[in-house]
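Colleague: I would like to learn how to read a sheet and a core in a model of this kind. Where should I start?

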Amino acid sequence: MRSSLVLLTWLAAAAVAQEVDPAVPEPAAPAPVAEETAAPLPLGSAGPVATPAASDCPEEAVSFEVVTGYAYSAPAFVIDSQTGTLLLTDCIDLCRRNASCQALNYETGLCVLLGSTADGQEADPLTESQYPVFTMYVQKMCYAEAPRCDSAWAFERVQNHTLNGMAKKTIEAESRLVCEQACLAETEFVCRSASYVASSAECRLSDMDRHTLAGLGAFQPSEGTDFLENHCVGEPVKLCEFTEIDDRILKTVDSVHQNVSSLEACKELCLSANFRCHTYDYNDTGDKVCRLSHHSVATLTNILEPYLEIPGSTSYELSSCYNVTIDCRAGHMVARIQTSRLFNGKLYAKGSPNTCVTDVTSSLDFELKMGYSDLECDVKRGGPGHYHNEVVLQHHDRIVTSADLGLSVRCQYDLSNKSISNAVDLEVKGDIQPVLEQEAVVDSPNVLMRITDRDGSEVEAAAVGDPLSLLFTIVDPQSPYEIFVRDLVAMDGANSNEILLIDAAGCPTDESILQALLRVNGTKDLASAFDAFKFPTSDVVQFRALVTPCLPRCEPAVCDVLDYVGAVRQTESYGRRRRSLDRTRRAASDEEMLVVQTIRIDDRFSRRAAGDAGGAEESGEARAAGLPTVTTLEPSSVCMNTSGLLVGGAVLVLVQLALLAAAVLVFRRRRAKDAQGVDSGAGSLAQLYDSGYSARRA
């Protein structure tokens, strides 16, 4: 069935073309693709016409503008229609070589050349064409007043949309073409997009586009405004990360390649494409079939059902790309990062995360300066004129996650070589031994917090980024109580850093780190999914939470969270009782329990010894030109941080002793209660929580 998917899309596209105007007679024979035909209409001007006037546009200034989800209904001006066209670039090349071709309609497997354009007509001739597959209208344009564009097309236009509040410069432009040329010719900043309002001749230039602002909700409807995304902008491609979208693939793509040897080869085709490729899939529509598209979730918000649901299929969407360069100065090195997506986080020296760090807020370019004699950055010297260090690109402000990158940077002054690698080994090691602190008040249930894999089995070791769950279990399955959780925090072993995961209202603070607490298969147990993470300053991560029982049942909280496209949605979380909406204090009440779980983390980079030595053996051309060299170092062994293990072990022992002492204290007070008829266990636990946990938050 997969091998016939492309053929089905051809037939669907043909059906859509017939629905536009079923009364149009079939042409006797298609017009041949010719180098010399009737002179075309000046590109980007009004139409339609059957025999265009002369055009003076130089060949190197010809490019194209794409409109996704629409088709140009002009059957009287069809020049040629070719099925079996699997590359949008091939269809564009046909139009480029044909002087009569002014525009085209394209859908995977079908290319229709047209002798007129949709511009300059009283009624909008573009017909929405988004179901069952979406088409693309592509118009030939002449950018004679702008630098040459090497991409397959120059702009993508989205009608009645804009990037809200992102204008960096506003000018007057008599037409959409003039606005696009102004964006291409902009020199004060990198113009990634423009918004054009025809009624006021206003052209708003921006250094952002839909990809750099993905998930932030800036791309919004705006009646009468054309959003123009610049595809001539170069993007970083050295270090690229793709996220998996399971069980769905795009209905229409830009390129279909057959006999591609592997998934990695398909990824390389995407990264080397002559357009801004953002999504690829492999083996889902046929054996060794690789499909590429410039679209992603962020660019398809205005398209009706752009994906085809296929269980077991996978689309790979570009998350972000980085270009990393090293500037070797007389007394320091500077690591510079350029990203393809707006970055918030920090860049720091791995051994000195607090003293050698650059905090980054909403930026595409940033850097970290590390002095050779600066103890705060701890730059290592490997020999005469050889300096190196390890830096971490951390996306979250507080913790290390699987999305972060470890980079090894070095400067070699004797050979004028500079190298950088993206080898990183962030690993959670050792047995995970639960450290449990629990307290029951009157007949409240005993609650256990455990770290498990997604199947519910307790884990003994994990790596940063591994899918895990935080599970809250009532020990007695016959207990009449249910439970809810609030004030769930993660802390490092030194108690100097902590992050709030579930707030006082019972809602997740950041679902990208920890998701909402939900019931497990209809039981009373609560679980929250997360990917393993760590703090950059410690080998220990400790989870603490307040758990409260309730009768007859716990009502879930209704929380506002951001979804994957940046829109606000509501989700339930079993983090509080509905009658306790106004409770905001962090202290434990008489009916709450404190539960604790600790995990040890080892975070070390590992490299081949030969890789370090090989860093000095650069090519003769690089040495002669004095250029930096980028190399990838593969991990070969794990370096054990002995001192870290000793300190972490000592911290773990101290934590266990403290919890044991607390348990003994509670037990003694219970004995006293039995003798005196007074229950003081909850008060002891509240005192422990208020003094040991809340004080550190203050």
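Modeller: Start with pairing: two strands count as paired if DSSP finds at least two bridges between them. Bear in mind that this is a predicted model. Here an open sheet of 10 strands, with mixed pairing, runs in the order S3-S5-S4-S7-S1-S8-S12-S10-S11-S9.

Colleague: Which strands stand at the edges?

Modeller: Strand S3 (78–85) and strand S9 (169–172) do; each has a single partner strand, so one side of each has no neighbour in the sheet. From one strand to the next, the twist averages 25 degrees.

Colleague: In which sense do S10 and S11 pair?

Modeller: Strand S10 (residues 193–197) and strand S11 (residues 202–206) are antiparallel, with five bridges. Within this pair, Ala194 is opposite Leu205 in S11.

Colleague: Which strands does H2 touch?

Modeller: H2 packs on the sheet through contacts with strand S1 (62–68), S3, strand S4 (103–107), strand S5 (109–114) and strand S7 (136–142). The directions of H2 and S4 make about 160 degrees.

Colleague: And the core?

Modeller: In soluble globular proteins, nonpolar side chains tend to be buried together. The largest nonpolar core in this model has 35 residues, and Leu88, Leu104, Leu113, Trp153 and Leu292 have the most contacts inside it. Helix H2 (residues 88–97) gives the most to this core, five residues.

Colleague: Why does this core lie between domain 1 and domain 2?

Modeller: Because domain 1 (59–230) and domain 2 (240–320) both give residues to it. Leu88 touches Leu104, Tyr106, Met136, Val138, Trp153 and Asp254, leaving aside residues up to four places away in sequence. Another core, of 32 residues, lies apart from this one and includes Leu501, Ile502, Ala545 and Val547.

Terms used. Residues numbered from 1 in each chain as written. Predicted model: local features only at pLDDT ≥ 70, side-chain atom pairs only at ≥ 80, totals over all residues. Heavy atoms only, no water. Core = buried A, V, L, I, M, F, W, Y, C linked by side-chain atoms within 4.5 Å. Buried < 20%, exposed > 50% of the residue type's maximum accessible area, 1.4 Å probe, protein only. Helix = DSSP H or I, 4+ residues; strand = E, 2+ residues; numbered from the N terminus. Domains from an automatic or database assignment. Contact = heavy atoms within 4.5 Å. Axes fitted to C-alpha atoms, helices over the stretch in contact; angles between N-to-C directions.
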